[in-house]
Amino acid sequence: MSLLFRNARAGIGGPLTAFAISAGQVVAPGDVTPDEIVDLQGATVLPGLVDAHVHSVQWAQNRRRADLSAATSAAHAVSLILEAVRPGEPTMGFGFRDAFWADEMHKDLLPVEHPFVLVSNDLHTAWFSQAALALIGRGDHPTGVLLEGDCFRGLAALPPPPAGTVDEWVAEAMTAAAARGVTGVIDFEYADNVSDWQRRRTDVRVACSIPRDRLDTAIAGGLRTGMEIGEFLRVGPVKMFVDGSLNTRTAYCADPYPGTASRGLLELPPDELLGTMKAASENGIHPAVHAIGDDAVTIALDAFHTLGCPGRIEHAQLVSRADFPRFALEGLVAGVQPAHQPDDREVADLQWPGRTDRAYAFADLLAAGATIEIGSDAPVSPLDPWDGIASAVTRTDDDRPAWHPEQAIPLVTALAAAAQGRTGIHVGDPADLVIVGDISDLRNPEILGTMLAGRWTYKNGV
């Protein structure tokens, strides 16, 4: 099917123009005889948005979990999750932030007889009840509070819902994402993403990341980053962790956290990181390195500069001044999550005092020549690129003053970073498009339609 769009604005504030869609690509209006003519009446057409960091299953499940974001203490979190008990299945909660809590989490605060699992907003802490620990064979754990790799493994070990049920939840979540203009994601789920996505239906393109513990299997199977493995599916990067997170106080930093001797948690020592990245890159798999604290970012940059391979540094939330220019390395992408900045600003002020001028420093990264791509890290933030775009432009998400407004970036720059660098509608481009009307409320613009390879995945008034 071919389409001709008339009276379209190509890009924010662009002139009225016409263009056509045929065989999944943008073509010149005179190159096809259209099956349908659509008058956009001045609506704006943008490149489809790509969420560059998603945890698909956790996001899909989170849409069904108890909301713990309002918890002001461990005791309060317990009271919230007790309201959501589902007999016969583990009760899951998500979204707590314990950085300001006066009390401590412990399995003894939760009822013994029922499996409860409470997951922090940053995904780096999971609080298990005694019954939930038994489900994963960890009944002897002293506190029930699992951090970092222990947390990821613990969550992965929970008895899953039937695969078909999870697949349907994920498909529903991707359809909802398409309604926000999303045409692609990089899925960093801690799972066999290549196999899982090959059995799913999807309304978005998916780059299927490879967890580090599956790297050898991926190499043996001949997988390479960018390889097509199905319709709208391709192999993504291999994910590895240098450190933890800010809210869990495990981001690996040059300076200790206030009142402690701890600089965070070094998950992967430099030599081991370099060896893993080398093995991946030599076999055509790009590394994606999680690094949040400034020392972790330095370690990741050292490895990329040593190897000279393409890849990604995920998060880069705190960056040493000397490291900004080092992001200009050819083939290196900084995967950032601007929606985290309004959520984390108070914690950053508390845990990174005197250093927040170089935290979530998107303007400084761009000025230094970095390539940035915007993601959500869903479910840490909603799978909604407009949340990240608005936060990058305004540096706030409510009536608080902008936090370090000098790090705000222009709207056109944020849109490009949310579309993997695409800046316009050009002949030959894939027809992955989003059509928007009123965008005066940047966090909640009027989405009129979304197209993936020239077919509608969302349509509302077009």
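Me: How many disulfides does the structure hold?
Reply: This is a predicted model, where local features need pLDDT of at least 70, side-chain atom pairs count only at pLDDT 80 or more, and totals for chains, interfaces and linings use all residues. Residues are numbered from 1 along each chain as its sequence is written, and side-chain values use heavy atoms, with hydrogens and water left out. A disulfide here is a pair of cysteine sulfur atoms within 2.5 Å. By that cut-off the count is zero.

Me: How far from cysteine 151 is the nearest cysteine sulfur?
Reply: Cysteine 151 is in no disulfide. The nearest cysteine sulfur belongs to cysteine 253, and the distance is 19 Å.

Me: Is cysteine 253 buried or exposed?
Reply: Buried means under 20% relative accessible area, exposed over 50%, and partly exposed in between (1.4 Å probe, protein chains only). Cysteine 253 has 0% relative accessibility, so it counts as buried.

Me: And which class does tryptophan 456 fall into, buried, exposed or partly exposed?
Reply: Tryptophan 456 sits in strand β22, residues 455-459 (strands are DSSP runs of E, at least two residues, and helices are runs of H or I, at least four, numbered from the N terminus). Its relative accessible area is 22%, so tryptophan 456 is partly exposed.

Me: Leaving aside neighbours within four places in sequence, what is tryptophan 456 in contact with?
Reply: Contact means heavy atoms within 4.5 Å. With neighbours within four places in sequence left out, tryptophan 456 is in contact with Leu3, Phe5, Ile435, Gly449, Thr450, Met451 and Val462.

Me: Where is serine 2, and is it buried or exposed?
Reply: Serine 2 is in the segment before β1 (3-10). Beyond its neighbours within four places in sequence, its contacts include Ile21, Val32 and Pro34. At 7% relative accessibility, serine 2 counts as buried.

Me: Zooming out, what is the radius of gyration of the chain?
Reply: The chain has 13 helices and 22 strands. The radius of gyration is taken over C-alpha atoms, and the globule rule is 2.2 Å times the number of residues to the power 0.38. For 462 residues the rule gives 23 Å, and the chain comes close to that, so it is as compact as a globular protein of that length, at 22 Å.

Me: What share of the contacts with a separation of 6 or more comes from residues 24 or more positions apart?
Reply: On the burial side, buried residues make up 57% of the 462 residues in the chain. As for those contacts, residues 24 or more positions apart account for 68%.
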